[in-house]
Amino acid sequence: MPIDPVTEAEVVERVVEALRRGDGGHIVTPNVDICRLAARDDAVRRIVTGAEIVVADGMPLVWASKLSGTPVPGRVTGADLIWSLSAAAARHGHPVYLVGGPPGVPERAARVLADRFPGLRVLGAVAPPYGFEGCAGEVARIRAELVAAGPRVVFVGLGFPRQDRLITMLRAELPDAWFLGCGAALGFAAGAVRRAPRWMRRAGLEWLFRLCCEPVRLARRYLVDDLPFAGLLLARCLLRRVVRGRG
């Protein structure tokens with residue numbers, strides 16, 4: 001899986017430059033869970049590899065890149081990009097649109113972003129009903145509303161891979177827009193979900209904070225599925241480095 005060795009500021013710069021040219025794109029921020037899903041599902045892997053920008057959201061990926069001898073500058077998360085991309089959109093006059101989260105969350109996130117960045121134009125905020133992706137009429141409604149609004153930056157917070165499958169469908173009709181699959185970022189921005197303290201994020205412990213906040217929902221994903229995968233990933237990277245060193 002390709003990871004772009006760029007900083008958050010460089011991601012924003014690439015997006016702004018592409019918008020200036022009239023080009024759109026898709027940003028994916030893989031973490032350990034996304035890497036695990038991509039490792040076993042070709043369709044999921046194609047979603048990731050088909051994105052214009054792929055950045056490491058998750059310290060294990062940053063550590064793995066260093067062990068592999070191809071280090072990335074650091075972690076770049078959707079929860080951070082929603083702020084920096086909104087700031088850039090406000091400066092350059094690019095309207096945004098928010099999709100995802102429970103009822104009321106995208107609207108609150110939109111108000112927070114507009115208050116934080118004067119001049120930011122939010123063209124819409126919608127919380128699709130649970131299971132909407134299985135209803136052709138609901139998907140068509142969301143598509144029609146987005147196309148009619150004509151945003152240049154779209155934040156989609158539905159969780160991977162649902163958000164990115166929707167983005168894949170929408171891109172053909174909004175070729176000059178940039179889409180960010182941002183997971184829980186809308187909830188963070190709205191204040192509906194607490195984010196880990198900065199020191200825990202820097203130490204690679206944001207997953208532990210979220211696990212403590214939502215143990216029932218996240219225990220299996222983090223402890224049963226992701227932790228062994230992360231350990232195997234790091235072990236393989238270390239082994240390859242040792243073998244290369246001996247060669």
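Modeller: Here is a short tour, starting with how the model is treated. This is a predicted model, where local features need pLDDT of at least 70, side-chain atom pairs count only at pLDDT 80 or more, and totals for chains, interfaces and linings use all residues. Residues are numbered from 1 along each chain as its sequence is written, and side-chain values use heavy atoms, with hydrogens and water left out.

Biologist: What volume does the second largest pocket have?

Modeller: About 440 Å³. A pocket here is an open set of points on a 1 Å grid over the protein atoms alone, with protein on both sides within 12 Å along at least five of seven lines. Grid points are joined across faces, edges and corners, and a volume is the space filled by probe spheres set on the points.

Biologist: Which residues lie nearest its centre?

Modeller: Met-1, Ile-3, Cys-35, Leu-61 and Leu-233, out of 20 lining residues. A lining residue has an atom within 4 Å of a point.

Biologist: And which helices supply that lining?

Modeller: Helix 2 (32–40), helix 4 (59–67) and helix 12 (215–246) each supply at least two residues. Helices (H or I, at least four residues) and strands (E, at least two) are DSSP runs, numbered from the N terminus.

Biologist: How does the lining of that pocket divide into nonpolar, polar and charged?

Modeller: 15 nonpolar, 3 polar and 2 charged. Ala, Val, Leu, Ile, Met, Phe, Trp, Tyr, Cys and Pro count as nonpolar, Asp, Glu, Lys and Arg as charged, and the others, Gly among them, as polar.

Biologist: Now cavities. How many of 30 Å³ or more turn up in the whole structure?

Modeller: The search finds 1. A cavity is a set of points where a 1.4 Å probe fits but cannot get out. The largest cavity has a volume of about 40 Å³.

Biologist: What lines it?

Modeller: Val-15, Val-16, Leu-19, Leu-85, Ala-88, Ala-89, His-94 and Val-153. Helix 1 (8–21) and helix 5 (78–92) each give at least two of the lining residues. By class, that lining has 7 nonpolar, 1 polar and no charged residues.

Biologist: Take Leu-19. Is it buried or exposed?

Modeller: Leu-19 is in helix 1. Its relative accessible area is 5%, so Leu-19 is buried. Buried means under 20%, exposed over 50%, and partly exposed in between (1.4 Å probe, protein chains only).

Biologist: How far apart are the closest N and O atoms of Asp-42 and Arg-45?

Modeller: 2.2 Å, in a salt bridge. Both residues lie in helix 3 (residues 42–49), 3 residues apart, about one turn of the helix.

Biologist: And what separates Arg-141 and Glu-145?

Modeller: About one helical turn, because they are 4 residues apart in helix 7 (residues 136–149).

Biologist: What about Asp-176 and Arg-152?

Modeller: Their side chains meet in a salt bridge at 3.7 Å, N to O. Asp-176 is in the loop between helix 8 (162–171) and strand 6 (178–181), and Arg-152 is in the loop between helix 7 and strand 5 (153–157), so the pair ties together parts 24 residues apart in sequence. Asp-176 is partly exposed at 31%, whereas Arg-152 counts as buried at 15%.

Biologist: Last one, the backbone. Is the Phe-160 to Pro-161 peptide bond cis or trans?

Modeller: It is cis, with omega near 5 degrees. Most peptide bonds are trans. Pro-161 sits in the loop between strand 5 and helix 8.

Key. Salt bridge = Lys/Arg side-chain N within 4 Å of Asp/Glu carboxyl O.
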